[in-house]
Amino acid sequence: MRLPGETEVTVSVADRITDLAERRCCSWGAIHAGLGPDVGRYDAAMERDSERADGAAAAARPEAAYDRWATDYRDWWAPVIAPAAVGLLDRLNGLVTTDRAATLVDIGTGTGTLALAMLRRWPAVRVIGVDPARKLLEMAEAAAEQAGLRHRFTARVGEAGKLPLPDTSADGAMTSFVLQLTPSRAAAVREVFRILRPGGVFAHLTWRRDTDRWEPEDAFEDAVDALRIEPPARSSGADRSYPSPEAAAAELRRVGFRSVRAREEWIDHRFTPSSYVDLAEHWTEDDTFASLDEPMRRRLRVEVLRRVSRLPADALVWRRPLVSAVGIRPG
Ligand SMILES: C[S@@+](CC[C@H](N)C(=O)[O-])C[C@H]1O[C@@H](n2cnc3c(N)ncnc32)[C@H](O)[C@@H]1O
């Protein structure tokens, strides 16, 4: 626990709330999270950060929280969500101008999963990847370099509610697993509308709200109880996932998008007992692991593995609902 000066207190509050809200909005924990009282504290902390325009505070902006988990995110969570993210592009056949050097924007590009898939699918387009997390942007640039696509990829620091792009400058904008993280989904959608040229297309994919339990998650909690571990306190975080495809479509229409189509999608990921334990340790339950000393961490790993290994293989398929929506900015 830090005992810092005033600025650092602000950063510490922002960090802590972001730890809870952001990560849970990107893992199965999020899907059970409600809209808690921390939302107000989160926004207030962000405002205080920007008012002070303090270098240290800016570096610890809540929106850039992924920088602190960049490697774990890239190695453990990004591969789980990648197939669903890339699947969003199948909805765009015929809607994206691909016969000239169209400019597409990937909002919250992270390690560049969607941006790289766009570049591969449409060889004439260039993609601008926007994200508040600089380390993730560097990883996206490195991945583009490695794939020989760097010359068509530009990384820009920025966030969905204030895109660092001029009005009507993009032919298309896509975003996957990001809208649920933005302080205001409506503000993010308005920004997309602003940067798109008339006739430009917007497509997004995010979680649909869901409260179902998942057996490995219960097994993890049972293991924690059996070992008498007290997990660190967690806030409920802010769940800005859509309740339904209809709600996602209505949001796009309110902003002015036309030809809007939204539908339910699913993410399916088959874990093995050990891949589940790895992900728990490095991503979904890492705060619990981090609160333990090494012998206890080992015991928790073994106990969770023992319990999860007893489940039937099908219980290890993680299947959760998503929402995707597509709309056109009218000409
Ligand atoms: C779950 S990751 C998804 C990354 C990528 N779109 C994908 O599908 O692989 C969420 C991303 O959103 C970014 N993010 C968080 N808050 C954001 C905001 N307000 N505006 C834009 N991006 C944001 C994070 O830094 C992170 O890269």
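Helices (H or I, at least four residues) and strands (E, at least two) are DSSP runs, numbered from the N terminus. With that in hand, let's walk through the model. This is a predicted model, in which local features need pLDDT of at least 70, side-chain atom pairs count only at pLDDT 80 or more, and totals for chains, interfaces and linings use all residues. Residues are numbered from 1 along each chain as its sequence is written.

**The chain as a whole**

The protein chain holds 13 helices and seven strands. Of its 331 residues, 43% count as buried. Here a residue is buried if 20 or more other C-beta atoms lie within 10 Å of its own, exposed if 12 or fewer, and partly exposed in between, with C-beta atoms placed from the backbone.

How confident is the predictor? The score to look at is pLDDT, the predictor's confidence in each residue, from 0 to 100. The protein chain averages a pLDDT of 83, and 80% of the residues score at least 70. Over residues 1-27, though, the pLDDT is below 50, and this stretch has 57 contacts in the model beyond near neighbours in sequence. Residues 29-59 also have a pLDDT below 50. Two residues are in contact if their C-beta atoms, placed from the backbone, lie within 7 Å. Among the contacts in the protein chain with a separation of 6 or more, 81% join residues 24 or more positions apart.

**The core**

A nonpolar core is a set of buried Ala, Val, Leu, Ile, Met, Phe, Trp, Tyr and Cys residues joined through C-beta atoms within 7 Å. The largest one has 77 residues, and V105, M118 and A173 have the most contacts inside it. Helix α5 gives the most to this core, with seven residues. Take A173 as an example: leaving aside neighbours within four places in sequence, A173 is in contact with L104, V105, I107, V192, I195, L196 and F202.

**Around the ligand**

Which residues are closest to the ligand? They are G108, G110, E159, A160 and S176, out of 23 residues that surround it. A residue is near a molecule if its C-beta atom, placed from the backbone, lies within 6 Å of it. The elements that give two or more residues to this shell are α5 (70-87) and α6 (113-121), and α5 gives the most, with three residues. By class, the shell has 14 nonpolar, six polar and three charged residues. For this count, Ala, Val, Leu, Ile, Met, Phe, Trp, Tyr, Cys and Pro are nonpolar, Asp, Glu, Lys and Arg are charged, and the others, Gly among them, are polar.

F177 sits in the loop between β4 (170-176) and α8 (185-195). Phi of F177 is near 55°, a positive value in a residue other than glycine. R228, in the loop between α9 (215-226) and α10 (245-255), also has a positive phi of about 55° although it is not a glycine. S244 is placed in the loop between α9 and α10, while R253 lies in helix α10.

| Residue | C-beta neighbours within 10 Å | Class |
|---|---|---|
| F177 | 25 | buried |
| R253 | 14 | partly exposed |

Two pairs show how the chain folds back on itself. S244 and R208 are 36 residues apart in sequence and 6.2 Å apart in space, C-alpha to C-alpha. R253 and R329 are 76 residues apart in sequence, with 9.8 Å between their C-alpha atoms.
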